[in-house]
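Subject: A structure for you to look through

Hi,

Here is the structure I said I would hand over. Have it open while you read, and I'll walk you through what turned up.

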Amino acid sequence: MSTGQGADRGAETGRAASRAADRASDRTAGRTAGRAPGRAVEIRHLRAFLAVADESSVTRAAARLRLTQPAVSRTLAALEQHLGIRLVDRSTHHLVLTPEGVAFRDRAAAAVAAFDAAIDPGGLRRRPLRLGHPWSAFGRYTTPLLRGWQERYPQTPLELLRIDDRTAGLTRGEVDAALLRGPVEAPGLLTEVLYDEERVAAVAADGPLAARTALRLADLATGTVVLNTVSGTTTPDLWPPSARPAATLTVANTDDWLTAIAAGRGTGVSTASTAGMHPHAGVVYRPLTDAPTVPVLLARRDAPGHPALADLVALAREIVARDVSE
């Protein structure tokens, strides 16, 4: 063997040893940071996690993403391995997020939104502006908002989406903004109070309370009160501690709430806009004279979002101000 060949082989051996040392160092660094070695996180990992979080099911998430269930499970597991935390609790019958998963969901949604904005800057204004709401939308201002938007910004469709969730899908990245009622405690949101709504009582049309022209909280507390615990704002705390409702019945959305009241299973409390937006043959609404008002909020994420959000905020303010001045 020539001297040159020996030197080349020795150099190659040295480079191989260096690469092995680098890989070992990377593995050590990964363990030190609480993360498992492997590929970097890609946007598909975040989309898979958000789909699982939204659907509370790997099977439904896979159908939504048009992937196989094993593929979604592997993608979720890879994300958890990279982060070094468990995002989803699989020990219960119904899949739920861990506390770490709940905290990560908001960051993942913001990251996906930012990614989508970055790769399509020219089409953002043409992309529909998604406005979520859990019920009653913008109340009596809903039609003026939709018509006014169409007239001023026809190049940007405004999609009004009802999502049975306390933030109407905003924290999960399903919408760009949301019309919400009552205090919102979800982190990472910016909210603006647009106006306040009076509360009303909802009672069965053929029940004894329907004959009254107005009601008080105490009139409802003697019986069962129907509570929408998913997207509603009414809780037993609305009543004084010494005069809480005798019983409560929980439901998950406005439709079930109305059905239960019409069937005589209890009474309900909502905002004045519900009477106009959700008429029901079996339910009548009466003013609730001693209940505090409910703020109507326009909420958006505290992060870069749809470029037409500022226009939406301005139009919503204008419509409310115009009504007040008339």
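The chain holds 10 helices and 12 strands. Keep in mind that this is a predicted model. Of its 326 residues, 41% count as buried. Take the contacts between residues at least 6 apart in sequence: 70% of those join residues at least 24 apart.

α5 covers residues 99-119, which makes 21 residues. From its first C-alpha to its last, α5 reaches 31 Å, close to the 30 Å expected at 1.5 Å a residue. Where does α5 bend? Look at Arg105, where the bend is about 25 degrees. Arg105 is also one of the buried residues of α5, along with Gly101, Phe104, Ala108, Ala109 and Val112. What do these buried residues pack against? Their partners are α2 (43-55), α4 (69-83) and β2 (96-97).

In soluble globular proteins, nonpolar side chains tend to be buried together. Here the largest nonpolar core has 22 residues, and those with the most contacts inside it are Leu131, Phe138, Leu145, Trp149, Leu194, Leu298 and Leu312. Several elements give two or more residues to this core: the strands β3 (129-133), β5 (177-181), β6 (189-197) and β12 (294-301), plus the helices α6 (142-152) and α10 (309-325). The largest share, seven residues, comes from α10.

Leaving aside residues up to four places away in sequence, Leu194 touches Phe138, Leu179, Val296, Leu298, Ala316, Arg317 and Val320. There is also a second, separate core, with 20 residues.

Next, the empty spaces. Rolling a probe the size of a water molecule over the atoms shows where empty space is left. The largest pocket contains about 450 Å³ of space. Of the 24 residues that line this pocket, Val112, Ala113, Asp116, Arg130 and Gly173 are the closest to its centre. Which elements give two or more residues to the lining? They are α2, α3 (58-65) and α5. The helix we began with, α5, gives the largest share, six residues.

β8 gives the most, with three residues.

Finally, have a look at two backbone angles. Arg66 is not a glycine, yet it has a positive phi of about 60 degrees. You'll find Arg66 in the loop between α3 and α4. Ser136 is not a glycine either, and its phi is positive too, at about 65 degrees. Ser136 sits in the loop between β3 and α6. Is each of these residues buried or exposed? Arg66 has a relative accessible area of 79%, so it counts as exposed, the cut-off being over 50%. Ser136 has a relative accessible area of 1%, so it counts as buried, which takes a value under 20%.

Cheers

Methods. Residues numbered from 1 in each chain as written. Predicted model: local features only at pLDDT ≥ 70, side-chain atom pairs only at ≥ 80, totals over all residues. Heavy atoms only, no water. Helix = DSSP H or I, 4+ residues; strand = E, 2+ residues; numbered from the N terminus. Expected span 1.5 Å × (residues − 1). Bend = angle between axes of the 7 residues up to and from the residue. Buried < 20%, exposed > 50% of the residue type's maximum accessible area, 1.4 Å probe, protein only. Contact = heavy atoms within 4.5 Å. Core = buried A, V, L, I, M, F, W, Y, C linked by side-chain atoms within 4.5 Å. 1 Å grid on protein atoms, 1.4 Å probe; cavity = no way out; pocket = protein on both sides within 12 Å on 5 of 7 lines; lining within 4 Å. Points joined across faces, edges and corners; volume = space filled by probe spheres on them.
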